[in-house]
Amino acid sequence: MSFPALAAAQNAPVPAPTEADRRADDAVAAMTIEERIQLVHGIMALPVLGLVVPERAVLGAGFIPGVPRLGIPDIRETDASLGVAWANGSRKDGATALPSGMALASSWDPGLMERGGAMIGAEARAKGFNVMLAGGVNLIREPRGGRTFEYLSEDPLLSGILVGASIRGVQSNHIVSTIKHFALNDHETARRSADILISDAAARESDLLAFQIGIEEGQPGSVMCAYNKINGHPACASDYLLNTVLKRDWGFKGWVMSDWGATPGIEAAIAGLDQQSGEQLDKAVHFGAPLAQAARRDPAIAARLGDMAQRVVRGLFAVGADKLDGKPVPIDFEANARVAQEAAAAGIVLLRNERNALPLADKARKIAVIGGYADIGVPAGGGASMVHGVEGPALSIPYRGDNPVGHVMPESYHRSVPLKALRERARDSEVVYRDGRYIAEAVQAARGADVAIVFATQFLNEGYDVPDLSLPGNQEALIAAVAAANPNTIVVLETGGPVTMPWLDQTAAVIEAWYPGARGAEAIAAVLFGDVNPGGRLPVTFPASIDQLPRPKIDGFDVVEPEFDGRANGRTFATDYNIEGSDVGYRWFVRQKTKPLFPFGFGLSYTRFEQGSLALAQARGRISATARVRNTGDRAGSTVVQLYLVEMAGKPVRRLVGFQKVELAPGEEKGAAFAIDPRLLASWSQDHWRVAAGSYAFALGTDAERLGKPFALRLDAQRHEP
Ligand code: BGC
């Protein structure tokens with residue numbers, strides 16, 4: 001074995017040591033090789049697949065025994081970004097489900113992200129955990145991706161700022177948060193066999209930038225590397241990703257943990273992986289005896305092992321996890337549900353509102369509610385991130401195909417019931433329900449009502465991408481038929497991500513409520529009746545058809561990949577992300593000059609806003625901008641001031657360079673101010689960010705397509721270090 005990577009990592013600029021660094025150095029210096037080894041590999045701590053969970057562990061994603069004699073606590077890990085995971089029914093103690101990542105990101109509100117993170121982190125800590133596998137920030141490069149619901153957006157700035165805020169919130173509880181899945185794990189199909197092809201520049205200007213901003217903003221103790229390969233190397237054994245980008249260029253001082261069962265071998269340690277997670281799912285405990293033996297033989301590996309252990313300990317010390325006693329404490333679920341409800345309401349996006357069909361106020365005497373299990377609950381996304389309350393799901397529908405991950409993908413619903421919430425809000429109205437299985441029956445109910453509200457769902461699950469963006473089952477036909485029968489048809493979408501809407505023009509109104517979490521139904525009712533003025537903005541483009549996507553067909557759909565067995569059917573397949581490069585989402589649509597169904601940044605309101613003109617200033621090469629916005633309607637509401645770069649060194653582009661959510665009373669006017677990150681004006685060039693000399697134009701937008709008047713200024717050439 002040769003170790004060029006070790007040399008590269010050792011040449012990296014060393015940031016000034018902190019108290020946590022020094023204490024971690026001392027602790028690791030006092031450790032035996034066995035103690036160091038013990039810290040760098042861990043088990044999945046769930047009673048599944050015949051696994052036995054040690055008594056000291058808390059049932060959850062992972063467990064690693066600490067070193068009590070040196071004050072290093074046991075590491076107890078739980079999923080994930082939306083709350084303490086239900087772990088497929090292994091946990092019965094319940095937790096508060098935030099709405100999905102898409103819903104959270106639709107708020108465009110870092111403050112709300114931080115409060116949500118603080119709430120779920122407090123629940124994790126109260127249950128005895130000290131590491132939360134949160135911070136999912138892969139870009140939505142593939143809207144059909146099975147984890148679209150769990151991630152945040154297609155834009156690196158928006159995703160990075162929001163995930164950083166959420167991580168800050170989680171870690172405010174003195175527990176570690178991860179940021180994950182590093183990197184380019186943007187879709188799920190045969191995720192262990194996918195080899196993502198992408199240039200360094202395209203990666204740095206897109207997905208990696210989201211991680212970089214997220215790490216700067218949130219200072220997560222740990223980074224979780226991903227299942228997929230990148231340019232031929234497993235992400236968890238990618239010297240480029242781990243040693244060069246993360247540790248050398250970004251100076252990351254925490255630890256890199258593998259995704260569960262994503263450690264290919266001992267060589268991953270040399271490439272920068274610090275901890276093997278979910279080791280029972282790997283072919284061997286590579287970071288156990290084999291790494292110990294190698295460390296005894298080779299001083300370079302021994303030094304690397306010391307660094308690995310130091311990073312783990314440093315991550316725990318930096319947040320104060322060593323000060324927690326790990327004893328469970330009671331949780332105020334009622335207070336936490338209010339946080340979830342606030343987030344759900346802030347994330348609802350009003351997509352269409354003809355003739356002011358919404359809000360319903362008290363004008364509808366007879367309401368027909370149809371479909372979407374609205375009599376039972378609101379949907380949750382599937383996989384490791386699924387959270388349920390104490391009583392478990394209201395409904396769990398087993399998966400019935402022969403998908404290898406089928407056993408962990410029931411479509412399940414939270415106990416927050418739209419029909420009940422609507423009935424409570426419309427006490428003087430008659431509210432009838434039809435489940436939508438028989439279209440004729442739904443049509444009859446709609447005909448006899450003042451308003452028909454159709455709930456439509458699309459289930460997404462980790463490990464499985466959906467083949468297209470349709471609403472599954474008979475839902476498209478159901479909506480079309482109901483809308484034909486009643487012109488006041490309102491569609492409530494509860495989808496994991498974007499869907500296509502062949503029925504759109506027939507409807508009066510559409511709201512996108514995503515997977516709205518523990519109190520989703522109450523949030524939906526509040527928006528439909530106008531108690532809450534919807535302020536959500538799309539964090540992702542809704543394509544008009546999948547033909548508009550960079551890859552109309554998802555690669556690898558034919559690859560058989562039994563879960564927890566990386567051998568698949570022998571095929572590794574390539575997915576070429578160089579097609580769109582760093583032009584993910586709306587940037588791709590602008591580049592192709594295609595018109596989506598709904599653009600990134602889009603969202604209507606029950607009031608009206610007027611954006612005043614933009615002012616730009618330049619001081620020592622840094623650009624700042626200010627804008628004013630006014631509520632010209634007669635209701636309080638919020639809008640998001642969005643600032644886009646539209647010309648870069650003379651070339652037309654579209655890049656979000658600033659955003660600010662603003663709450664405004666009727667008639668009120670406020671200012672928004674932006675300091676523009678120079679990386680957003682730059683291209684990645686070999687080993688630095690390069691701002692080319694030339695003209696740079698900026699415009700305010702109500703979304704990525706509807707832009708105000710552009711303002712330009714000239715910039716001299718600039719160089720910025722990574
Ligand atoms: C998922 C991770 C998760 C881990 C532990 C993996 O399958 O990709 O997001 O944190 O399992 O449950």
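Q: At what angle do the axes of α15 and α16 cross, and within what distance do they come?
A: This is a predicted model, and in it the axes of helix α15 (residues 439–447) and helix α16 (residues 475–485) cross at roughly 30° and come within 8 Å. With angles under 35 degrees counted as roughly parallel, that makes α15 roughly parallel to α16.

Q: And is that crossing left-handed or right-handed?
A: The crossing of α15 and α16 is right-handed.

Q: Which residues meet there?
A: From α15 the contact takes in Ile439, Ala442, Val443, Ala446 and Arg447, and these meet Ala477, Leu478, Ala481, Val482 and Ala485 of α16.

Q: OK, now α5 and α6: how far apart are the axes, and at what angle do they pack?
A: Helix α5 (residues 110–126) packs on helix α6 (residues 156–171) at an angle of about 35°, and their axes are 6 Å apart. The crossing in which α5 passes α6 is right-handed.

Q: What is in that contact, by residue?
A: On the α5 side there are Pro110, Met113, Glu114, Gly117, Ala118, Ile120 and Gly121, while α6 contributes Ile161, Leu162, Ala165, Ser166, Arg168, Gly169 and Val170. The residues of the contact of α5 with α6 divide into 8 nonpolar, 4 polar and 2 charged.

Q: One more helix pair, α11 and α12: what is the angle there?
A: Helix α11 (residues 289–297) and helix α12 (residues 299–319) pack at about 125°, with a distance of 5 Å between their axes, and they are therefore oblique to each other. The crossing of α11 past α12 is left-handed.

Q: Which side chains or residues does each helix bring to it?
A: Leu291, Ala294, Ala295 and Arg297 in α11 meet Pro299, Ile301, Ala302, Leu305 and Met308 in α12. That contact comprises 8 nonpolar residues, no polar ones and 1 charged.

Q: Switching to sheets, what is the strand order in the open sheet of 3 strands?
A: The order is β13-β15-β14, and the pairing is antiparallel. At the edges stand β13 (378–380) and β14 (395–397), each with a single partner strand, so one side of each is left without a neighbour in the sheet. From one strand to the next the twist averages 30°.

Q: How many bridges hold β14 and β15 together?
A: There are 3 bridges between β14 and strand β15 (residues 411–414), which pair in the antiparallel sense. Within this part of the sheet, Ile397 stands opposite Glu411 in β15.

Q: And the sheet of 4 strands, what order does it have?
A: That open sheet runs β9-β8-β6-β20, and its pairing is mixed. Its edge strands are β9 (233–234) and β20, each of which pairs on one side only.

Q: Do β6 and β8 run parallel or antiparallel?
A: Strand β6 (residues 194–197) and strand β8 (residues 229–230) run parallel and are joined by 2 bridges, and Ile196 stands opposite Ile230 in β8.

Q: Last topic, aromatics: how many pairs does the whole structure have?
A: A search of the whole structure finds 13 aromatic pairs. One of them is formed by Phe542 and Phe598, an edge-to-face pair with 6.4 Å from centre to centre and 80° between the planes.

Q: Where in the chain do Phe542 and Phe598 sit?
A: Phe542 lies in the loop between α17 (520–528) and β20 (573–576), and Phe598 in the loop between α18 (586–592) and β21 (609–611). The two are 56 residues apart, and the pair links distant parts of the chain.

Key. Residues numbered from 1 in each chain as written. Predicted model: local features only at pLDDT ≥ 70, side-chain atom pairs only at ≥ 80, totals over all residues. Heavy atoms only, no water. Pairing = 2+ DSSP bridges. Axes fitted to C-alpha atoms, helices over the stretch in contact; angles between N-to-C directions. Parallel < 35°, antiparallel > 145°, perpendicular 65-115°, else oblique. Left-handed = near helix turned anticlockwise from the far one by under 90°. Contact = heavy atoms within 4.5 Å. Phe/Tyr/Trp six-rings, centres within 6.5 Å; stacked < 30°, edge-to-face > 60°. Nonpolar A, V, L, I, M, F, W, Y, C, P; charged D, E, K, R; others polar.
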